[in-house]
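This report describes one protein model for a reader who has not seen it before. Please look over the sequence and the structure first.

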Amino acid sequence: MKILSTLLTLLYFGTSGKVLADNYLCDPWTNTLTLEKEKTPFTSFLDNGTLIFRSSAALPEGVPKFSQLSYSLPNYDLFVAPNGTLVTASPVTDVVFRVAVFFPNIDRRWFWFSKCRLTN
């Protein structure tokens, strides 16, 4: 009985530090210039510093499918896509964050934003 208890304790503490991927359901993208929303919500998936966006419809023009964590700052995490697009993720609560996509590499004065909620 003591061996079983020790084994269960080791399994519990051995898996408690494991970082698990998180899935988020996000509101449809909103354009800051027109405040118009896209029609379909999308999902975001965060795993090992990579942020991935998925949608049943096409993502808005310029929104990267994935980006890599570049800096983690107190108010937001900064992700960079391969094409130079910047994505910020700002926590609202432990299970909600705001996401914004900026285009510093092209002459565009607006950006996309949304709010995402943890699903798992």
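Which residue does a disulfide join to Cys 26? The partner is Cys 116, with an S to S distance of 2.1 Å. A disulfide here is a pair of cysteine sulfur atoms within 2.5 Å, and by this rule the count comes to one. The link of Cys 26 and Cys 116 is right-handed, with 105° about the S-S bond. This pair links distant parts of the chain, 90 residues apart: Cys 26 lies in strand S1 (residues 22-26) and Cys 116 in strand S9 (residues 112-118).

The model is predicted: local features need pLDDT of at least 70, side-chain atom pairs count only at pLDDT 80 or more, and totals for chains, interfaces and linings use all residues. Residues are numbered from 1 along each chain as its sequence is written, and side-chain values use heavy atoms, with hydrogens and water left out.

The predictor's confidence in each residue, pLDDT, runs from 0 to 100. Its average over the protein is 82, and 82% of the residues score at least 70. Where pLDDT is low, the predicted coordinates should not be read in detail.

The protein has one helix and nine strands, in the order α-β-β-β-β-β-β-β-β-β from the N terminus. Helices (H or I, at least four residues) and strands (E, at least two) are DSSP runs, numbered from the N terminus.

Of the 120 residues, 29% count as buried. Buried means under 20% relative accessible area, exposed over 50%, and partly exposed in between (1.4 Å probe, protein chains only). The table gives examples.

| Residue | Relative accessible area | Class |
|---|---|---|
| Cys 26 | 2% | buried |
| Cys 116 | 0% | buried |
| Thr 88 | 13% | buried |
| Leu 73 | 37% | partly exposed |

Thr 88 sits in strand S7 (residues 86-91). Beyond its neighbours within four places in sequence, Thr 88 is in contact (heavy atoms within 4.5 Å) with Tyr 76, Asp 77, Leu 78, Arg 98, Val 99, Ala 100 and Phe 102.

Leu 73 is placed in the loop between strand S5 (66-72) and strand S6 (77-80).

Among contacts between residues at least 6 apart in sequence, 32% join residues at least 24 apart. The accessible surface of the protein comes to about 8,200 Å², and 60% of it belongs to carbon and sulfur atoms; accessible areas come from the Shrake-Rupley method with a 1.4 Å probe, and for residues only the protein chains shown count as cover.
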